Amino acid sequence: REQQALRNQMESSYLELTEAQRRLDLYTGGYLTLAKQAVDSGKPAYLSRKLEYSVLLGAINNRFKVEAGYYEAITRFESKIAELESLIGEPLEPKQP
């Protein structure tokens, strides 16, 4: 019973780790870049009066939210690694020679 419970816990932790990795990949694969680009393109548009200030502020606010989400994703991913390592009793990363 304990072995089955441990196996179930490991499987659950692994699934949560893969989900955390997927979420982190979304941020590194585009969310961060798009949020930065929106602000970067919004500044000159605002200065040339082609964009309202509230729209630029919205882009800046969105960038901060995306960055906060990114850091939360990193934290969740690292936490899931630590959780899985504690269940298996050794590091997930291969040892360096």
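This is a predicted model: local features need pLDDT of at least 70, side-chain atom pairs count only at pLDDT 80 or more; totals for chains, interfaces and linings use all residues.
Author: Residues are numbered from 1 along each chain as its sequence is written, and side-chain values use heavy atoms, leaving out hydrogens and water.

Reader: What does the secondary structure come to?

Author: Helices (H or I, at least four residues) and strands (E, at least two) are DSSP runs, numbered from the N terminus. Here you get two helices and zero strands.

Reader: How many residues does α1 have, and what span does it reach?

Author: A helix's expected span is 1.5 Å times one less than its number of residues. Helix α1 (residues 2-47) has 46 residues and reaches 65 Å from first C-alpha to last, close to the expected 68 Å.

Reader: Where is the kink in α1 centred?

Author: The bend at a residue is the angle between axes fitted to the seven residues ending there and the seven starting there. In α1 there's a kink of about 45°, centred on Thr28.

Reader: Which residues of α1 are buried, and what do they pack against?

Author: An α-helix has 3.6 residues a turn, so residues three or four places apart point the same way. Buried means under 20% relative accessible area (1.4 Å probe, protein chains only). In α1 the buried residues include Leu17, Ala20, Leu24 and Tyr27, and the buried residues of α1 pack against α2 (53-88).

Methods:
Buried means under 20% relative accessible area, exposed over 50%, partly exposed in between (1.4 Å probe, protein chains only). Contact means heavy atoms within 4.5 Å.
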